[in-house]
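Here are some notes to read alongside the model. Keep the structure open beside you and find each residue as it comes up.

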Amino acid sequence: MIQRLAVIGDPVGHSLSPQIHMTWIDAQKRNASYESIRVPKGEADRALQDFARKEFRGLNVTLPHKEAVLETVSDRSPAVEAIGAANTLTRNPDGSWRADNTDAPGLMCALERVGVSSVDGKTVLVLGAGGAARAALYALDGGGADLIVLNRTVEKAGMVIETCCERDHRFGPLEDIDRHADKADFIVNTTSAGHAGEHFVLPDGNGRLFFEMSYGAPGKAQIAHAKAQGWEVEDGLGMLVCQAAASFRIWFDCDLPDIEMALEACRETLKLHE
């Protein structure tokens, strides 16, 4: 029987997940399918029941359902408990759902791709304290990094550290970028500032890494500025593929699929839409 997989969200038509997963499914000649399915906000519970009846093997979850699905799932991974959101669901034999979050290992995998094999003892400046930051903080704290979290609402930065991290870290306002950037081994930008064509003003990078979680048009302004300031820039497309690979491994109980193959396919697709 074909194993059905899908990504759910609203909107979801723009998602690259079907291309990523079908690249691996075709390459490995698996009897499986992957599609994008719009699930309107507020309908996650009903939809999960329907997907269980249709015997879907697994689901990727994007906005606005990453937190809402937790009301329905039967068990959660430790990452989900700490981050407070799920991006990967797997149907159990009894029709219930298990929730995982592969954004955290996805970030670490993406960093390793660009030469950051370990974050232990490194000072990492994280911009933002929203949903994307939660997974990043969980991963980086677990890897032993010393974090500085800057956010427009300073109190929120402190709260997200307390929720997602096991160790204490520094935090402050975004206006302090200049003061902290010089001390950082690299920067991770989790904010959506670039989506409006804006960008944070950065000091000289001197070849250090600026990891921009956005990709494509939303990250364009910030990436261009970071490059002009001498930062080595990596966008979030690698993380997207890496977290998808972690989901694929969960569903099929296999080794990680070929990340570079799927990443190249995604970059070609994005070029067509420039």
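1. Start with helix H4, where Asp103, Ala104, Gly106, Leu107, Cys109, Ala110 and Leu111 are buried (buried means under 20% relative accessible area, exposed over 50%, and partly exposed in between, with a 1.4 Å probe and protein chains only). Helices and strands here are DSSP runs, H or I of at least four residues for helices and E of at least two for strands, numbered from the N terminus. The buried residues of H4 pack against helix H3 (78-83), H5, strand S10 (186-189), strand S11 (209-212), H9 and helix H10 (259-272). After H4 comes Gly115, which has a positive phi near 100°.

2. A word on what you are looking at: this is a predicted model, in which local features need pLDDT of at least 70 and side-chain atom pairs count only at pLDDT 80 or more, while totals for chains, interfaces and linings use all residues. Residues are numbered from 1 along each chain as its sequence is written, and side-chain values use heavy atoms, with hydrogens and water left out.

3. Now pick out Leu111, which sits in helix H4 (residues 103-113). Is Leu111 buried or exposed? Leu111 counts as buried, at 0% relative accessibility. Leaving aside neighbours within four places in sequence, Leu111 is in contact with Val116, Val119, Leu140, Phe186, Leu209 and Phe211 (contact means heavy atoms within 4.5 Å). The C-alpha atoms of Leu111 and Cys242 are 10.0 Å apart, although 131 residues separate the two along the chain.

4. Next, see how H4 meets H5. Two packed helices are described by the angle between their axes and the distance between the axes. H4 and H5 pack at about 65°, and their axes are 8 Å apart (axes are lines fitted to C-alpha atoms, for helices over the stretch in contact, and angles run from 0 to 180 degrees between N-to-C directions). On the H4 side, Asp103, Ala104, Leu107, Met108 and Leu111 meet Ala135, Ala136, Tyr138, Ala139 and Leu140 in H5. By class, this contact of H4 with H5 has 9 nonpolar, no polar and 1 charged residues (Ala, Val, Leu, Ile, Met, Phe, Trp, Tyr, Cys and Pro count as nonpolar, Asp, Glu, Lys and Arg as charged, and the others, Gly among them, as polar).

5. Follow H5 onward to its packing with H6. Helix H5 (residues 131-142) and helix H6 (residues 154-164) pack at an angle of about 50°, with axes 9 Å apart. Here Arg134, Leu137 and Tyr138 in H5 meet Val160, Ile161, Thr163 and Cys164 in H6. The contact of H5 with H6 has, by class, 5 nonpolar, 1 polar and 1 charged residues.

6. Finally, look for the rings: the structure holds 5 aromatic pairs (rings of Phe, Tyr and Trp, its six-membered ring, pair if their centres lie within 6.5 Å; planes under 30 degrees apart count as stacked, over 60 as edge-to-face and the rest as tilted). Trp24 and Phe248 form an edge-to-face pair, because their ring centres are 5.5 Å apart and their planes are at 65°. This pair links distant parts of the chain, with Trp24 in helix H1 (residues 17-27) and Phe248 in helix H9 (residues 237-252), 224 residues apart. Both Trp24 and Phe248 are buried.
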